Amino acid sequence: MKFFLDTANLAQIKEANDLGILDGITTNPSLMAKEGIKGKEAIDNHYKTICEIVNGDVSAEVFSTTFNEIIEEGKKLAAIHPNIVVKVPMIKDGVKAVKWFTDNGIRTNVTLVFNAGQAILAAKAGAAYVSPFIGRIDDTCWDGVQLVAQIANIYSIQGFKTEVLAASIRNANHIIQCAEAGADVCTCPLDSILGLLKHPLTDIGLAKFLEDAKKM
Ligand code: G3P
């Protein structure tokens with residue numbers, strides 16, 4: 001399973017990249033706004049900077065919701081760097097645009113996916129990635145991880161090449177569950193990745209080893 005970081009924060013991107021386990025980045029308008037990125041030039045420059053730090057796919061989301069506008073915006077985003085993947089919302093014009101991008105050699109990530117039907121449509125349109133939102137499904141008292149398993153199973157049965165990118169990850173356990181459910185990619189906040197490191201017995205064991213090492 002690939003590890004993507006779900007942020008537009010450059011310090012966090014550098015920290016995860018330095019760990020040596022980072023395969024890519026996903027962003028969305030909320031994450032870009034959180035970093036105070038405003039205006040087309042600043043947005044493009046920010047994506048360029050991220051692409052220069054990380055050697056992997058970087059999802060950049062369109063703000064448009066009509067076919068022609070999504071195509072124009074997506075073409076410009078894709079031209080920023082070869083690693084840019086155009087992130088498109090799961091709406092009717094979005095699906096049509098994904099098919100157009102696929103036919104024209106531009107890779108896409110279909111976002112805001114909340115059921116298997118939407119995931120089938122994204123795959124039929126040729127998306128490189130489909131993004132089911134695990135945490136937001138859990139918030140509605142459904143099982144987000146179960147959706148990842150269902151999509152992975154359908155794609156395997158049908159031979160779809162679209163990668164299942166588990167998004168809206170809220171904790172380290174989500175990452176483990178998504179790996180078990182067959183996700184190809186997990187896009188996570190840095191805290192959730194760092195949460196995988198933690199176990200009290202590791203800390204206790206290391207303290208004891210270091211104490212005993214002084215006796216050697
Ligand atoms: O990748 C989508 C993700 O950013 C949504 O996460 O925590 O806002 O549901 P969250």
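Buried, in this report, means under 20% relative accessible area, exposed means over 50%, and partly exposed covers what lies in between (1.4 Å probe, protein chains only). By that scale D212, with a relative accessible area of 26%, is partly exposed. The structure is a predicted model, in which local features need pLDDT of at least 70 and side-chain atom pairs count only at pLDDT 80 or more, while totals for chains, interfaces and linings use all residues. Residues are numbered from 1 along each chain as its sequence is written, and side-chain values use heavy atoms, with hydrogens and water left out.

## Salt bridges

Side chains of opposite charge can pair when their charged atoms come close. A salt bridge is taken here as a side-chain nitrogen of Lys or Arg within 4 Å of a carboxyl oxygen of Asp or Glu, and the count by this rule comes to nine.

| Pair | N to O distance |
|---|---|
| K2 and E163 | 3.0 Å |
| R170 and D139 | 3.1 Å |
| K208 and D212 | 3.3 Å |

Helices (H or I, at least four residues) and strands (E, at least two) are DSSP runs, numbered from the N terminus. The side chains of K2 and E163 meet in a salt bridge. Because K2 belongs to strand β1 (residues 2–6) and E163 to strand β7 (residues 163–166), this pair ties together parts that are 161 residues apart in sequence. K2 is partly exposed at 28% relative accessibility, and E163 is also partly exposed, at 22%.

The side chains of R170 and D139 likewise meet in a salt bridge. R170 sits in the loop between β7 and α9 (172–181) and D139 in helix α7 (residues 134–139), so the pair ties together parts that are 31 residues apart in sequence. R170 counts as partly exposed, with a relative accessibility of 42%, whereas D139 counts as exposed, with 51%.

K208 and D212 both lie in helix α11, four residues apart, which is about one turn of the helix. K208 is partly exposed at 42% relative accessibility, and together with D212 and K215 it is linked in a network of salt bridges.

## The surface of helix α11

Which residues form a nonpolar patch on the surface? They are L206, F209 and L210, and their accessible area together is about 340 Å². Such areas come from the Shrake-Rupley method with a 1.4 Å probe, and for residues only the protein chains shown count as cover. Patches are made of residues with over 30% relative accessible area and no salt bridge, where like charges are joined within 9 Å and nonpolar side chains (Val, Leu, Ile, Met, Phe, Trp, Tyr) within 5 Å. L210 lies in helix α11 (residues 200–213) and is exposed, with a relative accessible area of 51%.

Helix α4 (residues 67–80) has 14 residues and reaches 20 Å from its first C-alpha to its last. That span is close to the 20 Å expected at 1.5 Å a residue, the expected span being 1.5 Å times one less than the number of residues. The buried residues of α4 are F67, I70, I71, E73, G74, L77 and I80, and they pack against α3 (40–53), β3 (57–61), β4 (84–89) and α5 (92–103).

T111, in strand β5 (residues 108–113), is buried, with a relative accessible area of 1%. Contact means heavy atoms within 4.5 Å; leaving aside neighbours within four places in sequence, T111 is in contact with E61, K87, V88, P89, M90, S131 and F133.

P132, in strand β6 (residues 129–132), is buried, with a relative accessible area of 0%. With neighbours within four places in sequence again left aside, the contacts of P132 include V113, L147, V148 and I151, as well as V164, L165, A166 and A167. P132 and N83 are 49 residues apart in sequence and 21 Å apart in space, C-alpha to C-alpha.

## Cysteines

How many disulfides does a search of the whole structure find? The search finds zero, a disulfide being a pair of cysteine sulfur atoms within 2.5 Å. C51 is in no disulfide, and the nearest cysteine sulfur, that of C188, is 19 Å away. C51 is buried, with a relative accessible area of 5%. The sulfur of C178 is 4.3 Å from the closest cysteine sulfur, in C186, which is too far for a bond. C178 counts as buried, at 0% relative accessibility.
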